[in-house]
Amino acid sequence: MLMLRPGSVIRLEAKETADDRTRERIEKNNSSGFVVRECVMSSEALGGRPGLLLESLQEGGSRGQRWMGWLASDDVELL
């Protein structure tokens, strides 16, 4: 299971078993990586799976304009 400290800057790729939503979010928002905002062992929004609250560091966007959302940590791998 992937556990990271809030504030960490990471780059991700979707595992082969990841759903389409996870793949799309990573493909669209991973150009400059993500900042980990929260890391939980169980997320109700993800059906009890471990999760990461991520904020995109996509170029050209300021905080509040960039994508932020939850991804299941067991669906992603660090690059």
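Does Asp 74 count as buried, partly exposed or exposed, and at what relative accessibility? Asp 74 counts as partly exposed, at 33% relative accessibility; buried means under 20% relative accessible area, exposed over 50%, and partly exposed in between, with a 1.4 Å probe and protein chains only.

The model is predicted: local features need pLDDT of at least 70, side-chain atom pairs count only at pLDDT 80 or more, and totals for chains, interfaces and linings use all residues. Residues are numbered from 1 along each chain as its sequence is written, and side-chain values use heavy atoms, with hydrogens and water left out.

**Salt bridges**

Side chains of opposite charge can pair when their charged atoms come close. A search of the whole structure finds 5 salt bridges, a salt bridge being a side-chain nitrogen of Lys or Arg within 4 Å of a carboxyl oxygen of Asp or Glu. The table lists some of them.

| Pair | Closest N and O atoms |
|---|---|
| Arg 49 and Asp 74 | 2.7 Å |
| Arg 49 and Asp 75 | 2.9 Å |
| Glu 55 and Arg 66 | 2.9 Å |

Arg 49 forms a salt bridge with Asp 74. Arg 49 lies in strand 4 (residues 49-56) and Asp 74 in the loop between strand 5 (68-72) and strand 6 (76-78), so this pair ties together parts that are 25 residues apart in sequence. Helices (H or I, at least four residues) and strands (E, at least two) are DSSP runs, numbered from the N terminus.

Arg 49 also forms a salt bridge with Asp 75. That pair links distant parts of the chain, with Asp 75 in the loop between strand 5 and strand 6, 26 residues from Arg 49. Arg 49 is partly exposed at 29% relative accessibility, whereas Asp 75 is buried at 6%.

Glu 55 forms a salt bridge with Arg 66. Here Glu 55 is in strand 4 and Arg 66 in the loop between strand 4 and strand 5, 11 residues apart. Glu 55 counts as buried, at 1% relative accessibility. A network of salt bridges links Arg 37, Glu 55 and Arg 66.

**Strand pairing**

Strand 3 (residues 34-43) pairs in the antiparallel sense with strand 1 (residues 9-10) over 2 bridges; two strands pair if DSSP finds at least two bridges between them. In this pairing, Phe 34 of strand 3 has Ile 10 opposite.

Strand 3 also pairs with strand 4, in the antiparallel sense and over 7 bridges. Gly 51 in strand 4 stands opposite Val 40. The hairpin of strand 3 and strand 4 has 5 residues between the strands, and Gly 47 takes a positive phi near 70° in this hairpin.
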